[in-house]
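Here are my notes on this entry. Please read them with the structure open.

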Amino acid sequence: MRKYILPLIACAVSFGAGAFMASDDPKKPITADLTNAASRLLGLEFSEAERDSMLGNLNDQRSDYEAIRKIDLSNDVAPALYFNPRPAGFQMPQGASSFKASPIGKVALPANRTDLAYYTVAQLGELIRTRQITSVELTKFFLNRLKTYNPKLLCVITLTEELALEQARRADTEIKAGKYWGPLHGIPYGAKDLLAKKGYKTTWGSVPYKDQTIDLDATVIQRLEKAGAVLCAKMTLGELAMGDVWFGGMTRNPWDTKAGSSGSSAGSGSAVAAGLLPFAIGTETLGSIVSPSTVNGVTGLRPTFGRVSRHGAMALSWSMDKIGPMTRSVEDCALVFNAIYGPDGADQTVVSAPFRYAPVNSLKGVRIGYVKIGFDGDYSTKASDQAALDLLKKQGAELVPIDLPDLPASKLLFLLSAEAAAAFDELTRSGKDDLMVRQFKNSWPNEFRSARFIPAVEYIQANRVRTKLIDAMYATLKKAKVDVYISPTYRGGNLTVTNLTGHPCVVLPNGFNAKGLPTSITFTGQLYEEGKVLAIAKAYQDATTWHQKHPNL
C-alpha cells in the first residue's frame, strides 16, 4: 500500500474511503490528537471525551477497510446502490416504441468521392441500400481518411481495420442476399476507447491501462453489430474520461488544429467533424458529449440516465455516466440511438421505456421553455443564441421562460469525485496514478487523492439534496407545461443540473464565434422522452445550415 505523509488525518468514521495515518506506519493506532485534526477538516468539533470514545470504533473500522481492500474490485463491479432519476409522482412513458425517419429522397453518389466524407448516416445508408456503393468501398474510404488525417488530429487510439473489413464484407453479403437490417447496415463508425471490444485493446486513454485488453464486447458495440454497423476505430478520450489529453498527446480540433477538441469524447467529436467517420459513440458524465460536440461543430445526443447499457464501458461515476451518439445531424442521432437503447440484463440501472420518434412538420403552437437567466446579459455567443430563440419564434413556437431550481447544483459535484475515486481506488493506492500524463491540481490523480477525504455522511447528504433537485426539476417543467426547453450550452447552470438529474439533451451547432470556431445550443427534454427532444431539435436544425458546414482539411 502507498504510504501517505499528511499533516492531518481524517477519522475513519468520517471518511468512507478510509483513514490515512500521519505516519509512515499505516498500522499505527489512531489517536485522539489525530481525530481532533481530522474533525477540523470537516468543520466539526468534538470534546476530548468524545474523541477518546471514538478511538475504538475508528481503529476497528480501519481494520474493516483493510480487509475490504484485499478483495478484488475491478472497475466493472458496480456498487449495490443504483441511482434512480425518477422524481416522486413521475409516470413512466407507456406503450410501444415507434420510429419514423424523414423521407430520404433520392441520394446519388457525388461526382467527387471526397464529398462522401460529409454525407449523413441516412444518406450513406441509402447509397448502400440502393447498392450504389458497397460497405467495403465505403469502409475503405473512411479507413483511408482515418489513416491520412489521424497524424494531424490524434483522434484514434486503435484502428480496427481487419475487423472493419470483415464486418463490411459480411454486410455486403447479407445485403446482396436480400437481408437488409436497416439504415446502419454497412455504415462505418468509431467507438470511444472506454468501450470494450474483444481482440483489441481498451486503453481508457491512460498510461496505466494502455496495454489493457478486456475479453468481452460492450453492449453498445454488440447492438451496433446487430444493426450491421462497421467498427473502424477505437477513438481517443482524455485520460480516464477527462479532457482531450491522452497518452498519445492532445486530440486536435479540425477547425483549428492548434487547439484541442475538448473532451472527454475527444476523438469522437474530432473524427466526425473532420469527415473521418459518419458517426461515433461518446459518453458523458459532466459534459463529455456536449462539450466536444460544441467545440467540433457536430450534433450530440446525451440520453436519459439509464437508457443505454454501460456494460463493457469504463465506470467513472455509476450515478452519472451516460452513453450516446455524436453525428452530423439530429436524425442521425435518432437512427443510432434507436439501435443502442434499452435493457440488456447486465446494467441494472437501465429501464424499459418506449422510444417514439417521428419528425414534426411544424413548431406552430409548440410550447418550448427557455432558461431565461442563461440568455440574459452580454456574453460571447449571445448573438448566436438569441438568433436561435428568434428562429424558434419565427417557426411558430411559443417560448416560455423558465428558471432552473434554486439549489446549489455545482456544490454537489463532489459526488462525481467520490465515485471516480472509488472506481480507481487501486490506481491511487498502488501509486500508479503517477504514470498518468496530467498531474495538475485539477487533474484526476489529485482529484482521486482529495476525494479520499470526502465524508461518507456528506456524500449521502449530497445525494439527498440531489433528490430535492430532481423533484424541483420535475415541478418546474410541469408548471411550465413544456416537454422541451432550450438553453445556452454553457450558461445558466443547465449542463450541471441536468447531468445530476439525468435529463436527456441534444446539442447542435448554431453558429461560429469570433475566432471562427463552432458554437452550439442545447435542447433538453423530459426524462425518457428522447423522441420529443430530437424531433423539436431537428425542426430547428432543418431551418439552419450550421450543421452542413465542415472544416477545410
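1. Helices here are DSSP runs of H or I with at least four residues, strands are runs of E with at least two, and both are numbered from the N terminus. Just after α6, glycine 228 has a positive phi of about 90°.

2. This is a predicted model: local features need pLDDT of at least 70, side-chain atom pairs count only at pLDDT 80 or more, and totals for chains, interfaces and linings use all residues. Residues are numbered from 1 along each chain as its sequence is written, and side-chain values use heavy atoms, with hydrogens and water left out.

3. Confidence comes next. pLDDT is the predictor's confidence in each residue, from 0 to 100. The chain mean is 94, and 95% of residues reach 70 or more. Over residues 1-23 the pLDDT is below 50; beyond near neighbours in sequence, this stretch has 80 contacts (heavy atoms within 4.5 Å) in the model. Where pLDDT is low, the predicted coordinates should not be read in detail.

4. Back to helix α6 (residues 219-226). Buried means under 20% relative accessible area, exposed over 50%, partly exposed in between (1.4 Å probe, protein chains only). Thr219, Val220, Ile221, Arg223 and Leu224 of α6 are buried. The buried residues of α6 pack against β3 (188-192), β4 (230-235), β9 (280-284), β11 (322-327) and α9 (330-340).

5. Look at asparagine 75, in the loop between α2 and β1. Is asparagine 75 buried or exposed? Asparagine 75 is buried, at 11% relative accessible area. A polar atom of its side chain lies 2.7 Å from the backbone nitrogen of alanine 315. Beyond neighbours within four places in sequence, the contacts of asparagine 75 include Trp204, Trp318 and Phe424.

6. Leucine 73 is found in the loop between α2 (48-69) and β1 (98-99). Leucine 73 counts as exposed because its relative accessibility is 55%.

7. Salt bridges (a side-chain nitrogen of Lys or Arg within 4 Å of a carboxyl oxygen of Asp or Glu) number 19 in the whole structure. Glutamate 398 and arginine 367 form one, with the closest N and O atoms 3.0 Å apart. Glutamate 398 lies in strand β14 (residues 398-402) and arginine 367 in strand β13 (residues 367-371), so the pair ties together parts 31 residues apart in sequence.

8. Arginine 449 forms a salt bridge with aspartate 433, at 3.1 Å between the closest N and O atoms. Arginine 449 is partly exposed at 22% relative accessibility, whereas aspartate 433 is buried at 0%. Salt bridges that share partners also join Lys197, Asp217 and Glu225 into one network.

Technical notes:
Polar contact = N/O pair within 3.5 Å; in protein donor to acceptor, adjacent residues only side chain to side chain.
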